[in-house]
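Hi,

Here is the model I said I'd pass on. Have a look at it first, and my notes follow below.

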Amino acid sequence: MDYLIAIGLEVVSGIASLVLISIGLAVVFGMMKVINLAHGEFLMMGGYATIAASKAGINIWIAILVIAPLVVGLVGLVVERLVIRHLYGRVIDTMLATWGLSLLFIGLVTTVFGNTTSGISSPLGAVNIGPIGFSAYKFFIVAVAVAVIVTLYLLFKLSRFGLIARATMQNADMSAALGVDPARVYAATFAIGSALAGLAGGVLAPVTGVVPSIGAAFVAKAFITVIGGGSAVLVGTLSASGIFATVNQLASFATTPVIGEVALLGAAIILLRLFPRGITGRFFKGRI
Amino acid sequence: MSMKRRDFLKTALASSAAIALSPGLVGNAQAATDILVGSIHDLSGGLDAYGKPMQDAMVFAAEEINAAGGLLGRQIKIVTKDPQSSMQQYAQLAQELALRDKVAVLHGGITSASREVIRPIMRKTNTLYFYNTQYEGGVCDRNTFCTGQTPAQNLATAVPDIMRRWGKKIYIVAADYNYGQIVSQWVKKYALENGGNVLSIDYFPLDVTEFGPTVQKIQAASPDFVFSALVGGAHVSFYRQWAAAGLKGKIPMASSTFSHGQEHIVLNAPESDGILVSGNYFPSIDNPANKAFTAAWAKRFGADYPYITELAAATYQGMHLWAKSVSKAGTLDRAKVLEALESGMSFDGPTGRVSIDPATHHCTMDIRLGEVKEKKWSIRETWPQRAPLDTSSVCDLIKNPGENQQFVIKI
């Protein structure tokens, strides 16, 4: 029984991690149809921002929850102004440009921090559920994921910015005719997506450690989740994360983490064969 | 640092022009008098924590030999290559060292995978090769010398000793390549021979960082202790996640690799205290040679040097074994140096006596069991002069000098 609870908790924390890893990409891709191949590096920079800030003596929670999203959000803003805005509507060109950016970021971070694994210890400690010990930090990851989803829902569904953003994504010319400046909406959305990636990198840094090339491990999972989820940003990410993380964690328990990753990819292939437009291409149509 | 063809042509043209213009200088060119020694260790990438101390040990040993008058009246010069934890780079850089720099000997390679890339290249180019890492055993090649310890040396005594301390049920976690796979089987063999029981062996590729399900599986299996043969920067996450789940005080842990990648320096003390590791070298070894060694090391690299690893000590010993053999042979000629190395060459260094076994080209040495506490090691046991019995059960280079393979020893 305790073991089942432990498995359940691992599955939930796995879903939360996957939601965090992919939500930034989902916002950028879902709202702007921009494929950001540097997404993994945004996460990586969030991790480094957290570790550098924490080693500089800043409180770890501030480093994770404030510094990481702030730093990467600013990087995102600069990237949007300098690169992305010239390429709206040109999917292939954006992919190439962001892929180049990812290489640039890996190089820059390697130059500054060295090509070596850095890490910090997980704060919080352990909780015991019956005889099974469990890292309390995983509850924090789940809490952050829930908070991110709820905040994004409120932002896009209820706020004036959300309304304008959704309108711009649906028809930029029409909203421009109504007095909205699409360029500013795009810039803000991209910065939000980047900040979310930074937050995810910061939250995961104490669990995985960071190395300049860690982005590659994240970006693949994030893409599979976003594509598997389909066009609805929040519902899609949630449902795809739910399916993929459950498959991954259960397979990891039954066998090894390697088979777990294989199972995740296998599930993604089957899912996309059944629903080529993602889960929300079939269900939950018209949701955010 | 690879040279582009255009750069190479430029340099070649420039230098040949310089030589043509100043024939008197040629005889004094530094390259002609220094003995070049190749050093190929990962100084960046996931294995840099292993490679950097080994590289420092190369430099340290060379400077020591040079300060004592050099070798055959000449100075040693280390030619350093960084393969960046990538196997393709190993192949290319090893060839460069052998063919372009024509080094007298090559020291290096960290993982068993990289050794198997280097070894055939060195054999083909008739360049002596020293592999200074503890590994799974079985390499049988007259051109190669292995100065690190192998399972029959460290695990044969350590596994039963640890079982006496903690109990008979073992859960093994290991890196997923030849080292981890073979060493796990050795642990299993020694556990079974001593009435123990291996509950499970889990393998992890070197880039795995998420160990959540594994931590839960181990708890559910409730072993008496965990044996880790994990390798590299990514796997450090395992020890973190283990401690984060509050298991540090509950299930003890032993390892054949912990500390070789400076894990106990990277982790904080509560995350690593109490882990037992068996090996040849710990900086706290209490003998005059080691005290002098650590003092000189601190003087050369700073008192705040992170940690002199076992692999660094083995590299240092490997350099000295080679240098002593060159002195004895009185020449750099490979065949003569080989003969000197095979004459039962030994070196009394910081770990005590290390001597080359002529039949296997492995070393007989002292093995110790260390326990980490506050990032320092206290030595719990010492087993003097352990011979490489695993490799010698399959390899006899005196009888079959043409042998060239890594035996997979039947366990």
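Let's start inside chain B. This is a predicted model, and in it the centres of domain 1 of chain B and domain 2 of chain B, taken over C-alpha atoms, are 27 Å apart. Domain 1 is made of 34-149 + 286-366 + 386-406, while domain 2 covers 152-279. Where the two meet, 21 residues come from domain 1 of chain B and 18 residues from domain 2 of chain B. On the domain 1 side, helix H4 (48-67), helix H6 (112-124), helix H14 (310-329) and helix H16 (389-392) of chain B each give two or more residues. That side splits into 10 nonpolar, seven polar and four charged residues.

As for annotation, an unreviewed UniProt entry has "domain: Leucine-binding protein" over residues 36-375 of chain B. The span is 44% helix and 22% strand, with its end C-alpha atoms 36 Å apart.

Next, the contact between the chains: chain B puts in 33 residues and chain A 30 residues. On chain B's side, strand E8 (197-204), helix H9 (212-221) and helix H10 (236-244) supply at least two residues each. H9(B) has the largest share, with seven residues. By class, chain B's side has 12 nonpolar, 13 polar and eight charged residues.

Finally, chain A. UniProt (unreviewed entry) lists "transmembrane region" at several spans, including 134-156 and 222-244. Residues 134-156 of chain A are 87% helix and 9% strand, and their end C-alpha atoms lie 35 Å apart. For residues 222-244 of chain A, the figures are 87% helix and 0% strand, with the end C-alpha atoms 11 Å apart.

Cheers

Definitions and conventions: Residues numbered from 1 in each chain as written. Chains lettered and ligands numbered in written order. Predicted model: local features only at pLDDT ≥ 70, side-chain atom pairs only at ≥ 80, totals over all residues. UniProt positions renumbered as here; feature names shortened; annotations may be inferred. Helix = DSSP H or I, 4+ residues; strand = E, 2+ residues; numbered from the N terminus. Contact = placed C-beta atoms within 7 Å. Nonpolar A, V, L, I, M, F, W, Y, C, P; charged D, E, K, R; others polar. Domains from an automatic or database assignment.
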